[in-house]
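Biologist: I'd like to go through this model label by label. Please set each value against its definition.

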Amino acid sequence: MKNKRLPLVIVVLALLLLVIPLYGQTKTTVSNGSDIPAITPGESISLQQALDLADKRNLSLAQVKVDILTAEAKLKASWGTLIPDVYGNLSYTFNDHADTTLNNGQLIETRARQDLDANLQVTVPLINARVWTGVSSASTGVDLSQLSAEQLMQELHFSVATAYLQALTARSLIDVYASQLEAIERHLKVADFRHRSGVGTRLDVTRSQSDRVTTKEQLIKSHYAFDNARDALAILIRADVLPMPTSTARIDELDVVNDRDLMQSTITRRYDLKISGMNLKLAKQQHLTNWMQFVPSLNASWQWSYQITDPAASQAGQDRSRWFAGLVLSVPLFDYSFYPNMKETRAAKERLRLAYQQAEDTAKLEVRTARRNYQQARRMVQTSDEKLKIARESQRLAETYYENGTGTSLDVVDARRTYQNAQVDLEIKKLEEQLGLIDLLRATGQDVETR
């Protein structure tokens, strides 16, 4: 029996030698890839550069900076009510005739036909408690605007980092599917060669062709997903063309000793808590301002006048220059409109106090949840990496066995799909880890720092 099988083996080897020259001429083996879009060109940009450009160009951030200028203007206006007022006046009067009167048989001019005089008035607010607290409220308004700008900048950094990481992941998936497509093309050539040699089946060829089309679809989707992520990043940094994220820098991890230290630092860092606390402070100041309505106010005034034209004859001999000073004390005895305002500001203060306590509780829950999610994401990256190593080895063995004739095409397809899914899963898990870190940074009130 062994001697009868030997010529058959020789014949098969001869056929293989004859078919090998025709290997590259088959139409069912290799795709020209013309239906796969090319990567849209763009200027390379690192994550830190993207963050810096967002700070300089983002329109929402520019609008908040304008709000800061408005708040500062209101503060200056509040201070203006405490600064002495100085007014100068120049008055000219022309009468149709001079007024005269008869005194002891003699006409005396009592009002000149023309009159020109000048005066200077200075008013100094000595006691005005309501204005004082108003200045404090305006100062708090400036601080509130600055905190809002800092919070928006931090959220902008989170958005930029998210879009950047998503673009990097999409770019990695392009490489994954492109690499898999090359492996499928190689396997398709082998399957087609075996089919033409009579040692394989047409089913092996069609199965590989189907696998090629599926992978090609994923590759095309990855190209468009890459452009979509780049477009989102371009909007955030206001770039004219699609940026090309190339940096593999990771976001700095948190250095946390324990949950207690993390919670304490969170309370002092989170901008939403700072803003909530500042709103509560502003409500207290406004309530105090209403109380100051019951405090008397005291103003001092000084006025100087000078008669420029000649006075009437009846006023001859009088000084042309005169001045006087005075004090005005205003005591609020009763104004019913004060009391409803007092109740309204008291209720607003209590509402904001409760809102601040609720915000603290919510922040603590967000920190605990974000930290657990981040820790889970890190462990998932480790397990995905282990699965990838196993899948890579399985694919190598399946391809080797198939090429040696000891394995099946179905084993190769299954192993390759498992390996491809493992690659995709690892890239997604890496993205989830970084996004989990961004959520943890947001929950703890820290900004994005790269390394």
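**Contacts, cores, rings and charges**

Biologist: Which residues does Leu 156 contact, leaving aside its neighbours within four places in sequence?
Modeller: Ala 54, Asn 58, Leu 61 and Leu 236. Contact means heavy atoms within 4.5 Å.

Biologist: What are the ground rules?
Modeller: This is a predicted model, where local features need pLDDT of at least 70, side-chain atom pairs count only at pLDDT 80 or more, and totals for chains, interfaces and linings use all residues. Residues are numbered from 1 along each chain as its sequence is written, and side-chain values use heavy atoms, leaving out hydrogens and water.

Biologist: What makes a set of residues a nonpolar core?
Modeller: The members are buried Ala, Val, Leu, Ile, Met, Phe, Trp, Tyr and Cys residues, joined through side-chain atoms within 4.5 Å. Buried means under 20% relative accessible area, exposed over 50%, and partly exposed in between (1.4 Å probe, protein chains only). The largest core here has 29 residues. Ala 50, Leu 156, Val 160, Tyr 164, Leu 233 and Ile 237 touch the most other members.

Biologist: Which elements give two or more residues to this core?
Modeller: α2 (47-57), α4 (129-197), α5 (202-237), α6 (259-269), α8 (338-403) and α9 (409-444). Helices (H or I, at least four residues) and strands (E, at least two) are DSSP runs, numbered from the N terminus. The largest share, eight residues, comes from α4. Another core lies apart, with 13 residues, among them Ala 167 and Val 424.

Biologist: How do you know that the buried residues of α2 are on the same side?
Modeller: The buried residues are Leu 47, Ala 50, Leu 51 and Ala 54. The arc is that of the directions from the helix axis to the C-beta atoms. Here it spans only 100°, so they share one side of α2. They pack against β1 (44-45), α3 (59-80), α4 and α5.

Biologist: Now the rings. Why is the pair of Phe 294 and Phe 338 called edge-to-face?
Modeller: There are six aromatic pairs in the structure. Rings of Phe, Tyr and Trp (its six-membered ring) pair if their centres lie within 6.5 Å; planes under 30 degrees apart are stacked, over 60 edge-to-face, and the rest tilted. Phe 294 and Phe 338 have centres 5.5 Å apart and planes at 90°, so the pair is edge-to-face. Phe 294 is in the loop between α7 (271-291) and β7 (297-307), and Phe 338 in helix α8, 44 residues apart.

Biologist: Why is Phe 338 called buried?
Modeller: Its relative accessibility is 12%. The limit is under 20%, so it counts as buried. Phe 294, at 29%, counts as partly exposed.

Biologist: What makes Arg 416 and Asp 211 a salt bridge?
Modeller: A salt bridge is a side-chain nitrogen of Lys or Arg within 4 Å of a carboxyl oxygen of Asp or Glu. This pair has 2.8 Å, N to O. Arg 416 lies in helix α9 and Asp 211 in helix α5, so the bridge ties together parts 205 residues apart in sequence. Both residues are buried.

Biologist: Which salt bridges does Arg 270 form?
Modeller: One is with Asp 272, closest N and O atoms 2.6 Å apart. Another is with Glu 366, at 2.8 Å. Arg 270 lies in the loop between α6 and α7 and Glu 366 in helix α8, so that pair joins parts 96 residues apart in sequence. Arg 270 has 7% relative accessibility, so it counts as buried. Glu 366, at 35%, is partly exposed.
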